[in-house]
Structure formats: structure tokens, C-alpha cells
Amino acid sequence: MEINRKKILISCDSPRSLLDFRGKLIEELIVNYDVSIYTPKIDQSRIRHKLDEMGVTVYENELKPSNVSILSDLKYISHLRSLLSKLQPDIFFPYTFKPVIYGVIVAKLCGIKCITPMLTGLGYNFLDLDKKRTAVQKITRILLKFSLKASSNLRVIFQNKDDYHTLVSAKILTTKNKAYVVNGSGVDLSHYDYSKPDLKVISFLMIARLINAKGIKEYYESAKLLKQKFPEVRFRLIGPYDDNIDAINDELYSKIKSDGTIEYLGLVQDVRPHITDSSIVVLPSYYGEGVPRCILEGMAMGRAVITSNSVGCKETINPSIKAINGFLVPVKNVNELAAKMEYYVRHLDDIIRFGVNGRKYAEEKFDVNKVNRQMVQILEGNI
């Protein structure tokens with residue numbers, strides 16, 4: 001007699017994240033679960049083909065994750081409620097803000113027995129600029145507090161300890177909440193192979209969406225400063241220019257595309273050749289990272305890094321001086337970022353040494369297989 005397999009429904013705000021960030025986890029889950037996904041419309045055929053190949057059932061929606069759209073959000077909530085009522089999954093696993101906020105509320109109403117939201121970073125909504133908050137920030141905090149109210153069927157997952165403590169300080173979570181911290185999304189060390197960087201032409205690479213929070217302006221301004229001293233040094237930027245509430249302005253975007261300071265490559269399907277061609281990977285993000293995947297990818301491939309001393313980013317730098325793999329710089333500090341870039345240009349041996357240390361640190365702390373084993377235990381309630 002065939003035993004019915006348990007069901008898990010995963011809800012996300014971007015189909016790109018399904019394979020790039022959750023692909024290995026889905027492979028792990030598909031062994032013992034019927035996996036369904038609730039995602040914004042999938043436009044890329046490679047993503048759809050791979051999910052079909054894996055045996056995942058896909059349900060699409062019209063969610064606009066980075067913009068305020070009441071009609072879109074209401075449609076999302078309505079469709080999700082119908083889907084949860086029909087599927088009655090054993091586990092509901094939403095991640096990122098809108099799927100977490102709306103998904104947890106709807107899942108509680110539908111009586112789902114195991115709800116395990118994951119916050120992959122708190123982002124703009126928890127940035128305090130002189131303690132002034134926008135209407136969007138205020139509403140997000142209120143909804144999140146309501147959504148994450150402690151209950152026996154709710155387990156909240158974070159990718160760094162700072163985000164957890166931030167929500168406790170904001171009184172969104174309490175000590176009654178069941179909360180867990182994992183080491184980011186992890187990185188597939190078999191997919192991102194180590195390679196020794198070519199030091200004949202020093203090149204810096206930044207991989208990020210073109211939004212202010214990622215530090216795009218600081219990277220551009222630092223590149224301009226360094227180009228004055230070292231015109232042969234190259235600066236590359238990979239990432240989409242999306243319709244986003246925090247997108248960089250048109251003037252900066254135009255400069256990046258046309259003035260020759262940075263080589264802008266847009267969105268690419270595979271970052272590995274570009275990391276191979278780089279010497280150092282940079283991410284001067286302001287806030288809101290869970291643990292930045294692009295830095296983990298650079299570390300896995302043996303690249304020295306520079307990132308900001310901000311939530312999530314600082315997790316990627318080994319605190320051991322003997323095993324240093326990169327530098328932390330203050331948020332929004334162009335001069336300090338440029339100074340650390342210059343350090344690498346003048347100390348080529350450290351590019352190699354830091355890169356080797358970074359690979360070892362990725363193996364020790366961020367191996368996707370280790371992270372996913374912990375994730376499955378949390379999802380199943382075994383921790």
C-alpha cells in the first residue's frame with residue numbers, strides 16, 4: 001500500500017531566487033516531500049524547465065515584491081488563501097517580506113499545522129534614518145508584528161543573529177517566539193570551484209541589483225578615485241536595473257553605463273566566469289542582508305573580498321586575524337572603501353592569501369549541504 005507523501009508549499013517573491021538560492025534545498029526536500037511553489041510569474045524558460053525536471057508543481061501569481069500595489073497584494077492574498085485551502089500542506093515555507101507577512105497570516109487562518117517563515121534580511125524597512133520612518137516602513141512593522149505573533153505552529157528562521165535581535169528590540173518578536181538562525185543560504189562548493197586569481201590586471205567585481213542599499217554609488221565613486229591613481233585597474237558591475245522603490249537614480253545609472261569608470265554587464269545567468277576573471281569581490285551594502293550570496297560565491301571561488309560592517313555582511317569575514325579573508329569598511333564611506341581597494345592593488349600576495357582563507361571559511365561555515373541539513377531539521381520540527 002502506497003503511503004501518502006507529505007506536502008510542502010514554498011512561497012517566494014522572485015522566481016530567480018528559487019534555483020539560485022533555494023535550488024539545493026528543493027533537491028533535498030523533493031526526496032521526501034511533494035514540493036509546490038507559489039511564485040511571481042516565471043519568465044525565464046531555464047527556471048521553468050529546471051523546476052519541471054525536478055518534479056516541482058508551480059503556481060504563479062502577480063505579486064510586485066518591491067513596490068506598493070494594493071490591488072496586486074490583495075489578489076496575492078486571495079489566491080494564496082485558495083491555494084492553501086486546497087493543498088493543505090504539511091509545511092508552509094515562505095521567505096522574504098511580502099510572502100512572509102501575507103503568507104503567515106493566511107496560513108494561520110487556513111489552519112496550516114507547520115508554518116516556517118524565513119526572513120532573508122530586514123532591508124529598508126528596518127533602517128532608522130534619524131528615527132524618521134516612512135509610511136511603508138511603519139505599515140510593514142505593524143503587519144510583521146501581527147503576522148509573527150507567537151503560536152505553537154510558527155517557527156521563524158533568520159540568516160543572522162542581528163536580525164533576530166532587531167525584531168526583539170522592536171517588540172515584533174518576543175521570547176515566546178520559536179526562532180532559529182542559519183548561516184545564510186549557503187553556497188554550493190562543488191558548483192563554485194576554487195581558482196587562483198590572475199594578478200596581471202587587477203579587477204574588482206560587484207554583483208548586486210542596482211539599488212541604493214547595495215552601495216552602488218559608493219562602489220562607483222571609489223572606482224573613480226582609484227582610476228585616478230591606477231588607470232589600468234578594472235571595475236565591473238553585474239546586476240539588473242529593476243523597477244524598485246530603492247533603485248538608483250537615472251543620472252547615476254547613465255554614468256555607470258557610459259562614462260567608462262565601470263564596465264556594466266547587466267544581468268548574467270552565470271556569474272562564475274566573471275568571478276574567475278576578477279581579483280576581488282566587493283559589496284558595500286548599507287543594511288538588510290541576510291548573508292550576501294555574492295560574497296559567499298566569491299569566497300568559494302577563492303577571491304579576497306571587501307564588504308561593509310553591516311548586518312549580514314560582517315558575517316562573511318573571518319574574525320581570526322590568522323585566517324583573514326577580506327576587509328570590512330564603514331557603511332557609505334567612499335574613502336575607506338577606496339583605501340581598502342588600494343591596499344589590494346599594492347599587496348598582490350594578500351589577494352591570493354585572503355582568497356585561500358575565504359575558501360576555507362566557506363567550507364567551514366557556509367557549505368550549502370550543512371546549511372540545508374539544519375534547514376530541513378527546522379522545517380520538520382526536529383530542532
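Colleague: Which residues in α13 do Tyr 343, Tyr 344, Val 345 and Arg 346 in α12 meet?

Modeller: The model is predicted: local features need pLDDT of at least 70 and side-chain atom pairs count only at pLDDT 80 or more, while totals for chains, interfaces and linings use all residues. Residues are numbered from 1 along each chain as its sequence is written, and side-chain values use heavy atoms, leaving out hydrogens and water. Helices are DSSP runs of H or I with at least four residues, numbered from the N terminus, and contact means heavy atoms within 4.5 Å. The partners in α13 are Leu 348, Asp 350, Ile 351 and Phe 354.

Colleague: How many residues of the contact of α12 with α13 are charged?

Modeller: The contact has 6 nonpolar residues (Ala, Val, Leu, Ile, Met, Phe, Trp, Tyr, Cys and Pro) and no polar ones. Of the charged kind (Asp, Glu, Lys and Arg), the number is 2.

Colleague: At what angle do α12 and α13 pack?

Modeller: Helix α12 covers residues 334–346 and α13 covers 348–365, with axes 5 Å apart. α12 is roughly perpendicular to α13 (65 to 115 degrees). The angle is about 105°.

Colleague: Which strands stand at the edges of the sheet?

Modeller: The open sheet has 3 parallel strands, in the order β5-β6-β7 (strands pair if DSSP finds at least two bridges between them). Two strands each have a single partner, so one side of each lacks a neighbour in the sheet. They are β5 and β7.

Colleague: Which residue in β7 stands opposite Val 156?

Modeller: Strand β6, residues 155–158, is joined to β7 by 4 bridges. Opposite Val 156 stands Ala 179.

Definitions and conventions:
Axes are lines fitted to C-alpha atoms, for helices over the stretch in contact, and angles run from 0 to 180 degrees between N-to-C directions. Angles under 35 degrees count as roughly parallel, over 145 as roughly antiparallel, 65 to 115 as roughly perpendicular and the rest as oblique.
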